[in-house]
Amino acid sequence: MAIYAIGDLQGCYKSFRQLLDLVQFDPSKDQLWLVGDIVNRGPDSLALLRFLKQAGDSAKIVLGNHDLHLLMVAEGLAKISAGDTLQEILDAPDCDELLYWLRHQSLLHVEDNFVMVHAGLLPEWTVKKAQKLANEVEGALQQDDFHEVFANLYGNKPNRWKKGISGYKRLRLIVNAMTRMRVCTSDGRIDFSFKGKEKNIPEGHMPWFDVPNRASKNAVIICGHWSALGLKVRDNLIVLDTGCLWGGSLTAIRLGDRRIFQVPCAQQ
């Protein structure tokens, strides 16, 4: 069995199918690991959702900020922004089924020494702690009164983990760290405004994965979210968002031997 981890798709269904052809993906024996942001901004989010819902156990998915945005919009808690391409999903006859499936996806996937998350982990979180925290959020999103949970997820505060944090503040920070974080201070204070290149990181901040003595450093973290960063592969880090949506490429890595596969943006 081969496991292929793939970067942010964001509705780029044609590029996704080309990448599957390139790696000769066989759903009967291979697995796809998708780092989140399945939908939005690209042209074919509906086709992607339908494909992945049908893929069953051959696809492991973690939620990204754009996936959560879709769920928020569907609940009337957020508005469609300029550049969003979500209306086709909302108008689809199987919209409710697709959103139910999406809401029941994971925030974090841990297998062997691999940890897949959309954005990152706060420096003080061990993998065991992060898994527990992700399970808290997943349980809240999957309960019958999930609307109230979504109503309290938006916002940039708190931006730092503190012992004893509870309630919606706790859930919001977990979600923000795992789906929105790029940089933070050495003590784990997140700057949510920064989206640029690594050389332009604000003074006093660093990529979350470069914080000294990060508690999860012994695991291999697989993530996306930061298209300006591009592909980055280290012994304990695999960052896969190579900006397919913006005219870059869509990237997969075969975890067994770390071979890289890429296809160009199909929309260009």
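## Surface and charge

In this predicted model, the accessible surface of the chain comes to about 11,800 Å², and carbon and sulfur atoms account for 46% of that area.

## Overall form

The secondary structure consists of 8 helices and 13 strands. Along its principal axes, the C-alpha trace spans about 45 × 40 × 35 Å. The radius of gyration is 17 Å; a compact globule of 268 residues would have a value near 18 Å, so the chain agrees with that expectation.

Of the 268 residues, 56% count as buried. Among contacts with a separation of 6 or more, 66% are between residues 24 or more positions apart.

Strand β12 covers residues 249–254. Because 5 of its 6 residues are buried, that is, under 20% relative accessible area, β12 is largely enclosed by the rest of the structure.

Strand β1 (residues 3–6) runs antiparallel to β12 and is joined to it by 3 bridges. Within this pairing, Ala5 of β1 has Ile253 of β12 as its bridge partner.

Strand β13 (residues 259–264) is also antiparallel to β12, with 6 bridges between them. One of the bridge pairs links Arg254 to Arg259 in β13. The two strands form a hairpin with 4 residues between them, and Arg258 in the turn has a positive phi of about 60 degrees.

Note on methods
Residues numbered from 1 in each chain as written. Predicted model: local features only at pLDDT ≥ 70, side-chain atom pairs only at ≥ 80, totals over all residues. Heavy atoms only, no water. Buried < 20%, exposed > 50% of the residue type's maximum accessible area, 1.4 Å probe, protein only. Pairing = 2+ DSSP bridges. Rg over C-alpha atoms; globule rule 2.2 N^0.38 Å. Contact = heavy atoms within 4.5 Å. Areas by Shrake-Rupley, 256 points an atom, 1.4 Å probe, with all protein chains shown as cover.
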